[in-house]
Amino acid sequence: MDIVRVGPDSELVEGLVAFGRAVVAVDSPWAHPATPARLRGLLAHGWDGEPPSSWVGLEDGEVVAAGGLWASSYDNLRSGWLDLAVLPGHRRRGLGSELLRHLEQEAARRGRTVLGTNFWESEAGHSFVTAARYVQGSTSAVRRQRLDRLPEGWREQVAQARSGPAAAYELVRVRGAVPEDLIEAFAELWAAINDAPNDDLVVEDEVFPVERIRGYERAQLPTNRLYHLIAVHRPDGQLAGHTIVAVDTERPSLGSQHDTTVAPAHRGHRLGLVLKGEMMSWLLADEPALREVETQNAESNAHMIAVNDALGYEVVGRRPEYQKIVR
């Protein structure tokens with residue numbers, strides 16, 4: 001197998017898209033494979049302006065394996081996150097192990113010694129990664145909300161929550177980029193996500209300077225319509241919480257929950273339910289083609305899971321997360 005670097009302008013992108021479709025069909029048939037435009041955007045900009053280093057494994061010109069190394073320059077500077085997959089029909093030939101060694105060597109070259117990876121839940125995935133001395137540290141559940149079967153009474157639940165202590169908060173709608181007059185406070189608010197549970201994973205707090213948020217917007221807006229709903233505390237104007245949903249511009253039936261955070265000083269007022277519920281009302285009005293919204297949380301995040309359950313999210317798959325610390 002020849003391991004070749006791939007970028008957004010590579011002639012291998014179409015082959016990588018076909019590879020992704022084949023992998024999804026077997027490993028996670030409920031998922032939506034990347035389109036060429038979305039994959040090129042990911043290879044160019046990553047999640048927040050820092051693209052992954054990506055490679056494909058080729059045999060006779062066919063993409064039979066693919067993987068990437070994600071390494072932030074903002075925080076967790078010893079950490080690297082690895083993703084990899086092998087084409088069905090070419091598995092159990094050692095290709096995954098060969099690509100994993102390549103990714104680990106690249107991580108070592110960059111001084112990344114806390115390595116993480118995840119797979120859709122399966123015995124084969126677990127056996128593969130634990131054989132490479134990775135240890136499971138957490139499990140995330142992917143949930144999907146179907147807008148054609150929202151639970152009865154959800155609007156009333158949200159209205160009741162909003163009439164309580166949450167009445168002290170104004171909800172501000174923002175489409176696209178966060179305005180300049182809010183960006184500094186918004187960057188501070190986003191850091192409240194750091195107390196979401198990481199279970200047994202070794203993870204340092206993330207930092208969110210303004211340039212990182214602007215990088216996130218530049219990465220997301222070419223392929224998504226971004227909807228932000230921000231809770232502002234009326235007495236003092238503090239930003240107390242926010243939620244973000246991205247609607248796929250190519251496939252407007254698909255939405256993705258990017259973040260929901262409430263600042264510690266403003267918790268206990270059911271703002272999470274209010275924010276996510278009012279976001280759904282907004283999307284139902286402004287995105288008539290939208291059919292589903294997907295989210296992912298650690299299975300230990302009981303509070304957010306309770307909010308998601310109230311709004312009709314259902315589990316579609318689980319992703320165990322593994323880590324190896326290289327001494």
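1. A cavity here is a set of points, on a 1 Å grid over the protein atoms alone, where a 1.4 Å probe fits but cannot get out. Grid points are joined across faces, edges and corners, and a volume is the space filled by probe spheres set on the points. The largest cavity takes up about 40 Å³. Its lining (residues with an atom within 4 Å of a point) consists of N76, L77, R78, S79, V114, V202 and E204.

2. A word on the ground rules before going on. This is a predicted model, where local features need pLDDT of at least 70 and side-chain atom pairs count only at pLDDT 80 or more, while totals for chains, interfaces and linings use all residues. Residues are numbered from 1 along each chain as its sequence is written, and side-chain values use heavy atoms, with hydrogens and water left out.

3. R112 deserves a look. It sits in the loop between α3 (95-109) and β5 (114-118); helices (H or I, at least four residues) and strands (E, at least two) are DSSP runs, numbered from the N terminus. R112 is buried without a salt bridge, and the nearest side chain of opposite charge, E50, is 7.0 Å away. Buried means under 20% relative accessible area, exposed over 50%, and partly exposed in between (1.4 Å probe, protein chains only). A salt bridge needs a side-chain nitrogen of Lys or Arg within 4 Å of a carboxyl oxygen of Asp or Glu; for charge, Lys and Arg count as positive and Asp and Glu as negative, with His and the chain ends not counted.

4. What does the R112 side chain reach instead? It reaches the backbone oxygen of S79 at 2.9 Å and the backbone oxygen of L77 at 3.3 Å. Beyond residues up to four places away in sequence, R112 touches A71, S72, N76, L77, R78, S79, G80 and A107, where contact means heavy atoms within 4.5 Å.

5. E321, in strand β12, is another buried charge without a salt bridge; R319, the nearest side chain of opposite charge, is 6.5 Å away. A polar contact of 3.1 Å joins the side chains of E321 and S140. That term covers a pair of N or O atoms within 3.5 Å; within protein, one must be able to donate a hydrogen and the other to accept it, and residues adjacent in sequence count only if both atoms are side-chain atoms. Leaving aside neighbours within four places in sequence, E321 has contacts that include W81, T117, N118, L201 and Q296.

6. Helix α9 (residues 302-310) has M304, I305, V307, N308 and A310 as its buried residues. They pack against β6 (135-146), α5 (154-163), β10 (254-262), α8 (271-286), β11 (292-298) and β12 (313-325). Just after α9, G312 takes a positive phi of about 90°.

7. D199 lies in the loop between α6 and α7, and R270 in the loop between β10 and α8. D199 counts as partly exposed because its relative accessibility is 37%; R270, at 42%, also counts as partly exposed.

8. Finally, N198 is placed in the loop between α6 (180-190) and α7 (210-220). Its relative accessibility is 31%, so N198 counts as partly exposed. Not counting residues up to four places away in sequence, N198 touches G137, S138 and V203.

Notes: On a 1 Å grid over the protein atoms alone, a cavity is a set of points where a 1.4 Å probe fits but cannot get out, and a pocket is an open set with protein on both sides within 12 Å along at least five of seven lines; lining residues have an atom within 4 Å of a point.
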